[in-house]
Amino acid sequence: METFVRPNVATGAQTLDASWYTSPQVFAAEQERIFAREWLCVGREEALARAGDFFTVQRAGESLIVTRDAGGRVHAFFNVCRHRGTRICERDSGHFQGSIQCPYHGWTYGLDGALKVARNMSEVPGFERAEYPLKEAAVALWEGFVFVSLGARSTFVEAFSPLIGRFARWNIGGLKSARTVGYDVACNWKLIFLNYSECYHCPLVHPQLDKLSPSDSGRNDLSEGPFLGGYSEMRHEGASLAMSGHSARPPLGTVSAEELGRVYYYTIFPSFMLSTHPDYVMVHYVEPLAANATRVTCEFLFEPRTMAEPTFDPNDVVEFWDLTNRQDWHVNELTQLGLSSRAYSPGPYSNAEGLLSAFDRHYRAVMEA
């Protein structure tokens, strides 16, 4: 049973030194110590509806082809031909017609990664096709999300045990994507996570959000480790975080009466943020590009039966969060600029920023492990 408490912060807790946000050397170290070792969320399983459907992702300096084989299994292949290392797939997404072929010399792989055709190699002494499948990253599926790991420290079930079953009431695995919006943000990826974890800024930065959900209503149930968050309350019964302030959409899954007045926000280290609402789910996928550059993709998930209604229109939700996101990205970019100043020195966290201090602790522990 979840136990929710008010945000709090340890005495003397301060922000990190500037180098953790501005240094290219720190960013390079993060790629190896975090993004090459953790489980990273890369998208939704619905993007792989049929055998041969695929999408490509860039993580920790690697290109991966995420696809589904004829037996239904999802794979994440390194986008590297076993012949001479050519990048095989240049498209962001698409469909393989039963095989994956390198464009250079035609080496052809099955959807399971096995090498099927290697032109002019049959008479090469000692060559065995079975010894040259595509190399793979580890894959896990959870709540309809696809996760990959280049070198996980633990199994997905071990790493994600605090979250397994936690969101069953929202039936996230059965939801479908209605819209995605992408953003390129000129700030460090960690600032995105920190900003998401507090509403200290909401009355000033998000007046339309604060009008619907009070900034001081937060309660947390995950306050240490890689997964952090809790809920905020709505000001009024029947309110929804949308431009109209309300929604006629039915609740998701088996969301309880108490939860109809709450929105839950969780950071899932180090690759995405999950927000569950009474009638929709919002996800932010976070892809670090450089010490001062991050790509964020926001995706909106709804119940398929609701989406099938002729009156369904997600724009009230999408526009609300597009406005909110852009407000956040602006102040995050201002923070990045300030962190680059010689005048910056670590400042104290407030009691509304307890999760930020917890994020810093976990981040430093992983980087120094």
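Start by selecting Glu233: this residue is partly exposed, with a relative accessible area of 34% (buried means under 20%, exposed over 50% and partly exposed in between, with a 1.4 Å probe and protein chains only). The model is predicted: local features need pLDDT of at least 70 and side-chain atom pairs pLDDT 80 or more, while totals for chains, interfaces and linings use all residues. Residues are numbered from 1 along each chain as its sequence is written, and side-chain values use heavy atoms, without hydrogens and water.

Glu233 belongs to strand S13, residues 227-233 (strands are DSSP runs of E, at least two residues, and helices runs of H or I, at least four, numbered from the N terminus). Show its contacts (heavy atoms within 4.5 Å): beyond neighbours within four places in sequence, they are Leu212, Ser213, Pro214, Ser217 and Gly261.

Next, select the open sheet of 7 strands, ordered S1-S10-S9-S4-S3-S2-S5 with antiparallel pairing (two strands pair if DSSP finds at least two bridges between them). S1 (40-44) and S5 (93-95) are the edge strands; each has a single partner, so one side of each lacks a neighbour in the sheet. Zoom in on S2, residues 53-59, which is joined to S5 by 3 bridges. There, Asp53 is opposite His95 of S5.

Finally, select Trp189, Leu241, Phe300, Trp321 and Tyr363, the residues with the most contacts inside the largest nonpolar core, which has 68 residues (such a core is a set of buried Ala, Val, Leu, Ile, Met, Phe, Trp, Tyr and Cys residues joined through side-chain atoms within 4.5 Å). Helix H9, residues 354-368, gives the most to this core, with 7 residues.
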